Amino acid sequence: MQVNWNYIKMFVLLGAVVFLFAFSAKRNEDRAISIPQVEFVSENNLFITNETVSKLLIQNCGGVKNVPKETLDLNELEKALKSNPMVKTAEVYVAVNGSLSAKIEQKTPIARVSTNASYYIDDEGLFMPLSKNYSARVPLVTGYVEKNNLNSVYKVASKINDDEFLKKHVIEIHQDLNSNIFLRLRKYEFIVQLGDVSFLDKKVNNLKAFYKKNLKDKTLSNYSKVNLQFENQVICTKI
């Protein structure tokens with residue numbers, strides 16, 4: 001009987017390919033994870049450090065170095081990172097060479113509460129703790145502010161953050177017992193009374209018109225209060 005060497009060669013080659021694939025997959029599964037590599041997305045100022053992120057990863061997988069890849073639960077690691085109140089989003093992945101990497105997006109503070117407690121309000125209106133690593137230059141929030149009732153202060157802070165004029169000039173947001181909002185400006189002593197947060201855009205436009213006119217007339221320093229709480233009026237109190 002004639003032996004078909006082509007078939008034998010094909011089966012041998014196929015067996016070798018299967019063996020090498022299985023061997024490679026096994027080695028990949030058993031490959032030890034390296035020390036985590038941390039990347040912060042679109043951030044120059046770090047409220048949370050690389051070391052803190054690495055520590056969170058290590059704590060949640062029993063020590064990252066020399067841990068087999070197959071034992072890692074990347075979803076759990078991402079949840080652990082997101083549990084940090086400084087972190088907005090987190091993505092954890094492992095490269096073929098065993099390099100563990102984390103992409104971190106920090107929360108963005110838009111105001112700093114300074115009452116009986118001190119903390120930031122982030123750009124989603126949520127609590128964000130202060131950082132020992134970096135202090136953000138954002139408007140100060142004073143007066144009567146409750147951590148579980150930040151809605152009015154957040155609306156004003158968000159408006160300031162999105163408006164170049166307000167961002168340049170407003171240094172303080174004050175809320176009184178009746179939830180009336182007052183603003184303090186960087187260069188002038190007069191208080192801006194917003195009242196509640198209704199018709200906020202209109203009130204801001206009225207403030208800009210008042211500021212522009214009186215800046216031209218060089219009379220901004222003549223006032224102690226600018227009352228904007230009524231939608232279509234600007235009531236000024238002179239010193």
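Student: Which residues of H4 are buried?

Tutor: Please bear in mind that this is a predicted model. In H4, the buried residues are Val153, Val156, Ala157 and Ile160. They cover an arc of only 100° around the axis, so they lie on the same side of H4.

Student: How do you know that the span of helix H4 agrees with its number of residues?

Tutor: Helix H4 comprises residues 151-162, which is twelve residues. The expected span is 1.5 Å times one less than the number of residues, and for H4 this gives 16 Å. The end C-alpha atoms of H4 are 16 Å apart, so the two values agree.

Student: What makes strand S5 largely enclosed by the rest of the structure?

Tutor: A residue counts as buried when its relative accessible area is under 20%. Four of the five residues of S5, residues 118-122, are buried, and therefore the strand is largely enclosed.

Student: How many bridges join S5 to S6?

Tutor: Two bridges join S5 to S6 (residues 127-128), and these strands run antiparallel. Here isoleucine 121 stands opposite phenylalanine 127 in S6. S5 and S6 form a hairpin with four residues between them, and glycine 125 in the turn has a positive phi of about 80°.

Key: Residues are numbered from 1 along each chain as its sequence is written. This is a predicted model: local features need pLDDT of at least 70, side-chain atom pairs count only at pLDDT 80 or more; totals for chains, interfaces and linings use all residues. Side-chain values use heavy atoms; hydrogens and water are left out. Buried means under 20% relative accessible area, exposed over 50%, partly exposed in between (1.4 Å probe, protein chains only). Two strands pair if DSSP finds at least two bridges between them. The arc is that of the directions from the helix axis to the C-beta atoms.
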